[in-house]
Amino acid sequence: MTGHMRAFSEILSLSEREPLVQDPKPVVLVLDDDVMALELYSRELGGDYQVITCQSLEDAHHSMQTHRFDAFIIEPLTNGEDGGDLLREIHPTPDPPALILCSVIDDRKLGLDQGADAFVVKPVLPTTLHRLIDQIVTKRNSYQTSKNG
(Lines give C-alpha, C1' and ligand atoms only; values in the text may rest on other atoms or scores of the structure.)
Protein backbone atom coordinates (compact mmCIF):
# COMPACT_ATOMS: atom_id res chain seq x y z
CA MET A 1 0.00 0.00 0.00
CA THR A 2 1.44 3.37 -0.95
CA GLY A 3 1.94 6.14 1.59
CA HIS A 4 -1.02 8.10 0.24
CA MET A 5 -3.33 5.09 0.31
CA ARG A 6 -2.24 4.20 3.86
CA ALA A 7 -2.83 7.79 5.04
CA PHE A 8 -6.24 7.80 3.34
CA SER A 9 -7.19 4.51 4.98
CA GLU A 10 -6.07 5.85 8.39
CA ILE A 11 -8.23 8.95 7.88
CA LEU A 12 -11.19 6.74 6.99
CA SER A 13 -10.54 4.64 10.06
CA LEU A 14 -10.46 7.74 12.28
CA SER A 15 -13.60 9.19 10.72
CA GLU A 16 -15.48 5.97 11.42
CA ARG A 17 -14.65 6.28 15.12
CA GLU A 18 -15.41 9.96 15.68
CA PRO A 19 -17.44 12.48 13.75
CA LEU A 20 -15.20 14.98 11.93
CA VAL A 21 -17.27 17.93 13.16
CA GLN A 22 -17.80 17.87 16.88
CA ASP A 23 -21.18 19.10 18.09
CA PRO A 24 -20.61 21.29 21.16
CA LYS A 25 -23.82 20.01 22.76
CA PRO A 26 -23.61 17.26 25.38
CA VAL A 27 -24.40 13.87 23.86
CA VAL A 28 -27.23 11.70 25.22
CA LEU A 29 -27.98 8.10 24.29
CA VAL A 30 -31.61 7.04 24.69
CA LEU A 31 -32.22 3.27 24.74
CA ASP A 32 -35.86 2.26 24.40
CA ASP A 33 -37.82 -0.06 22.12
CA ASP A 34 -40.79 2.35 22.04
CA VAL A 35 -40.37 4.38 18.83
CA MET A 36 -42.85 7.01 20.03
CA ALA A 37 -40.88 7.54 23.26
CA LEU A 38 -37.64 7.83 21.28
CA GLU A 39 -39.15 10.45 18.99
CA LEU A 40 -40.69 12.36 21.88
CA TYR A 41 -37.49 12.43 23.96
CA SER A 42 -35.37 13.25 20.92
CA ARG A 43 -37.61 16.17 19.98
CA GLU A 44 -37.67 17.51 23.56
CA LEU A 45 -33.94 17.14 24.22
CA GLY A 46 -32.68 17.97 20.71
CA GLY A 47 -32.44 21.71 21.33
CA ASP A 48 -29.88 21.34 24.13
CA TYR A 49 -28.40 17.90 23.48
CA GLN A 50 -27.18 15.79 20.61
CA VAL A 51 -29.51 12.80 20.97
CA ILE A 52 -28.60 9.32 19.72
CA THR A 53 -31.52 6.90 19.87
CA CYS A 54 -31.18 3.12 20.03
CA GLN A 55 -33.79 0.37 20.03
CA SER A 56 -31.51 -2.47 21.12
CA LEU A 57 -28.46 -3.18 23.24
CA GLU A 58 -26.58 -4.01 20.05
CA ASP A 59 -27.34 -0.53 18.65
CA ALA A 60 -26.29 1.04 21.97
CA HIS A 61 -22.98 -0.85 22.00
CA HIS A 62 -22.28 0.22 18.43
CA SER A 63 -23.02 3.86 19.29
CA MET A 64 -20.74 3.63 22.34
CA GLN A 65 -17.87 2.73 20.02
CA THR A 66 -18.34 5.88 17.94
CA HIS A 67 -19.44 8.50 20.49
CA ARG A 68 -18.57 9.73 23.96
CA PHE A 69 -21.78 10.17 25.94
CA ASP A 70 -22.53 12.67 28.68
CA ALA A 71 -25.74 10.91 29.69
CA PHE A 72 -27.73 7.75 29.11
CA ILE A 73 -31.48 7.30 29.41
CA ILE A 74 -32.12 3.57 29.59
CA GLU A 75 -35.36 1.60 29.54
CA PRO A 76 -34.31 -1.47 31.57
CA LEU A 77 -36.45 -3.87 29.53
CA THR A 78 -35.80 -3.18 25.85
CA ASN A 79 -36.96 -5.82 23.34
CA GLY A 80 -36.75 -8.43 26.08
CA GLU A 81 -33.10 -7.53 26.71
CA ASP A 82 -31.85 -6.36 30.09
CA GLY A 83 -30.90 -2.70 29.76
CA GLY A 84 -29.54 -3.07 33.28
CA ASP A 85 -26.62 -4.94 31.69
CA LEU A 86 -25.69 -1.73 29.88
CA LEU A 87 -26.01 0.23 33.11
CA ARG A 88 -23.74 -2.21 34.97
CA GLU A 89 -21.25 -2.05 32.09
CA ILE A 90 -21.09 1.76 32.10
CA HIS A 91 -21.17 2.48 35.83
CA PRO A 92 -17.74 1.16 36.89
CA THR A 93 -15.88 3.19 34.23
CA PRO A 94 -13.84 6.19 35.41
CA ASP A 95 -15.96 9.35 35.33
CA PRO A 96 -19.13 7.56 34.17
CA PRO A 97 -21.76 9.61 32.37
CA ALA A 98 -25.09 10.50 33.95
CA LEU A 99 -27.33 7.44 34.06
CA ILE A 100 -31.11 7.65 34.16
CA LEU A 101 -33.44 4.66 34.16
CA CYS A 102 -36.86 5.32 32.70
CA SER A 103 -39.29 2.42 33.04
CA VAL A 104 -42.95 1.49 33.32
CA ILE A 105 -41.96 -0.85 36.16
CA ASP A 106 -41.36 1.00 39.42
CA ASP A 107 -38.19 -0.64 40.73
CA ARG A 108 -36.31 2.42 41.93
CA LYS A 109 -34.28 0.61 44.58
CA LEU A 110 -32.87 -1.90 42.10
CA GLY A 111 -32.09 0.82 39.54
CA LEU A 112 -30.35 3.06 42.03
CA ASP A 113 -28.49 0.08 43.52
CA GLN A 114 -27.20 -0.72 40.01
CA GLY A 115 -25.67 2.76 39.75
CA ALA A 116 -28.35 4.91 38.16
CA ASP A 117 -28.29 8.58 39.14
CA ALA A 118 -32.07 8.76 38.85
CA PHE A 119 -35.06 6.56 38.20
CA VAL A 120 -38.27 7.84 36.65
CA VAL A 121 -41.47 5.92 36.13
CA LYS A 122 -43.24 6.14 32.76
CA PRO A 123 -45.21 7.87 31.63
CA VAL A 124 -42.89 10.82 32.25
CA LEU A 125 -43.33 14.23 30.71
CA PRO A 126 -40.48 14.96 28.30
CA THR A 127 -40.00 18.36 29.99
CA THR A 128 -39.55 16.60 33.35
CA LEU A 129 -36.95 14.27 31.83
CA HIS A 130 -35.23 17.28 30.22
CA ARG A 131 -35.05 19.12 33.55
CA LEU A 132 -33.68 15.99 35.26
CA ILE A 133 -30.96 15.52 32.65
CA ASP A 134 -30.02 19.21 32.88
CA GLN A 135 -29.63 18.90 36.66
CA ILE A 136 -27.57 15.71 36.56
CA VAL A 137 -25.30 16.75 33.66
CA THR A 138 -24.70 20.19 35.23
CA LYS A 139 -23.89 18.58 38.59
CA ARG A 140 -21.48 16.09 36.96
CA ASN A 141 -19.80 18.81 34.88
CA SER A 142 -19.34 20.97 38.01
CA TYR A 143 -17.82 18.01 39.83
CA GLN A 144 -15.48 17.24 36.90
CA THR A 145 -14.40 20.89 36.69
CA SER A 146 -13.67 21.11 40.41
CA LYS A 147 -11.87 17.74 40.35
CA ASN A 148 -9.68 18.69 37.37
CA GLY A 149 -9.18 22.35 38.17
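This is a predicted model: local features need pLDDT of at least 70, side-chain atom pairs count only at pLDDT 80 or more; totals for chains, interfaces and linings use all residues.
A residue is called exposed when its relative accessible area is over 50%, and buried when that area is under 20%.

Side chains of opposite charge can pair when their charged atoms come close. The structure holds 5 salt bridges, and three of them are described below.

One of these pairs joins Arg68 and Asp70, whose closest N and O atoms lie 3.0 Å apart. Arg68 has a relative accessibility of 62% and therefore counts as exposed, because the cut-off for that term is over 50%. Asp70, by contrast, has a relative accessible area of 19% and is buried.

A second pair is formed by Glu75 and Lys122, again with 3.0 Å between the closest N and O atoms. Glu75 is buried, its relative accessible area being 5%. Lys122 also counts as buried, at 16% relative accessibility.

Lys122 takes part in a further salt bridge, in which its side chain meets that of Asp32 at 2.4 Å, N to O. This pair links distant parts of the chain, 90 residues apart: Lys122 lies between strand 7 (118–121) and helix 6 (126–148), and Asp32 occupies the loop between strand 1 (27–31) and helix 2 (35–45). Asp32 is buried, as is Lys122.

Taken together, Asp32, Glu75 and Lys122 are linked in a network of salt bridges.

Conventions: Residues are numbered from 1 along each chain as its sequence is written. Side-chain values use heavy atoms; hydrogens and water are left out. A salt bridge is a side-chain nitrogen of Lys or Arg within 4 Å of a carboxyl oxygen of Asp or Glu. Helices (H or I, at least four residues) and strands (E, at least two) are DSSP runs, numbered from the N terminus. Buried means under 20% relative accessible area, exposed over 50%, partly exposed in between (1.4 Å probe, protein chains only).
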